[in-house]
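Please read it alongside the model.

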Amino acid sequence: MGIQEIATVTGLSKATVSRALRGLPSVADTTIDQVRRVADELGYVPSSAAAGLATGRQRAVGVVVPVLDRWFYVKALGGVDAELRQAGYDLVLYNLGGPDGDRDRAFRRSMLRQRVDALVLLSLVLDETERSELQLSEHPMIVIGGPAPGLRNVGVDDDVVSHLAVSHLLGLGHRQIAYVGGQDEAGMNVAVPFRRRDGFLDAMAAAGLAVPPRWIVDGRFSFAGGVAAGAALLDGPPAASPGRPTAVFCASDEMALGVMLTAARLGLDVPGDLSVIGIDGHEYGAAVGLTTIAQDPEAQGRTAARAVLAEVDGARPRAVAPAPVSLVVRSSTGAPRAR
C-alpha cells in the first residue's frame, strides 16, 4: 500500500498526499485530516528508510527528556511520537536520567547531531556549552514546557494559570491560601516552578493578601512531595500562628493529590476544612474530584513535532502561541467553612 493508492481514493495528487502526510503548513488542515484518515483505513505505513535514501535525511527526530516517571513528560512524549509516526519519522529517545544522569552523552558527544534531523527538548534549560553544541548542528529545535533562553517553546502561560487558580479560590471566599510548589529536581525543570510561584504571589498581592512564608512549601512536583508538604501545612492546631490555610494551590496535580491524601489522614474534610486546586488535568484527579487548571501535554507534543518537521521541510521558524488551559471545577474546592 503506497501513496498512489491514497491519491486514488482521495482524488488528490501524489505530491499533495505526500505533503499532507508530513503535515506541511502549505496543506489545509481539512486535507491533512482527510489524507491521514484514508491512510489509516488503507493501512498505509510510510517507509522511513526509503525516504531517507531519497532525501539524505535521517527521517528521525531526537526527543530529550529529563526523566521518564513524570505524567507530563509521558503524555507529551506520546503526542510527539504520534505526530512523527503520521509523518513517517522515527523517534530517538534520550533519557537524561535526572540530575545525576549523563547529559554529556546526549549533548557533548555529538550523538544527537549524527542521528536525527531535529530536536524536541522536554522542560530542559541548556547551559552555554550545550547550546553551542546543538547550534553547530543547525537542527530545528523546540522546547515543550517552560521557556528556555534562545529557543522557542510550546507550553502554557504559567502566570495566567496561577492567576486563574487564585481567582477561583478568591471567588469562593478564600483569603488564607497556601502554595505547594518547589523545584522539580528530578526533572530539572527550572522556569515553570518559579513562574507559577511568582504568579501565585502576584495574584495574592493584587488582592491585597499577604502569604506567610510558612505557607509556601516545597512539594518537589511529585505525589510523595505533596504528601509531605500537606503534613507541613496541616499537621498542627488551627489556632497556631499562622494557623491552617483554608485552601491550597498546588503547582501540579500530583502534588495536589498528595495534599488531599494528607488531609484525609488528618481527618480534614475536603472542601469543608480545606479546598485544594492543582494544575495539569491528570486523569487521577478526575477520579478523586480534584479541581484543576487543565492543559493538554499530548497536544503540546503534537504541536512541537509539527513545528520542527515543518522546518525540516524548509519552512521558516514561527512563534508558537501559548497552549490553551481551562478551569475544571470539581468537588475539591468550595466556600470556606466558618471558624
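1. Tyr-179, Phe-200 and Phe-249 are linked into a cluster by ring pairs (Phe, Tyr and Trp rings, the last by its six-membered ring, pair if their centres lie within 6.5 Å; planes under 30 degrees apart count as stacked, over 60 as edge-to-face and the rest as tilted). The model is predicted: local features need pLDDT of at least 70, side-chain atom pairs count only at pLDDT 80 or more, and totals for chains, interfaces and linings use all residues. Residues are numbered from 1 along each chain as its sequence is written, and side-chain values use heavy atoms, with hydrogens and water left out.

2. The structure holds four aromatic pairs. One of them, Phe-72 with Tyr-73, is edge-to-face, at 6.3 Å centre to centre and 80° between the planes. Tyr-179 and Phe-249 have ring centres 5.6 Å apart and planes at 65°, so this pair is edge-to-face. Because Tyr-179 lies in strand S6 and Phe-249 in strand S8, the pair ties together parts that are 70 residues apart in sequence (strands are DSSP E runs of at least two residues, helices H or I runs of at least four, numbered from the N terminus).

3. Both Tyr-179 and Phe-249 are buried (under 20% relative accessible area; exposed is over 50%, partly exposed in between; 1.4 Å probe, protein chains only). Phe-72 and Tyr-73 are buried as well.

4. Six strands form an open sheet with mixed pairing, in the order S7-S6-S8-S9-S10-S11 (two strands pair if DSSP finds at least two bridges between them). Strands S7 (216-218) and S11 (326-328) are the edges, each pairing on one side only.

5. Strands S8 (residues 247-250) and S9 (residues 275-280) run parallel and are joined by three bridges. Val-248 stands opposite Val-276 in S9.
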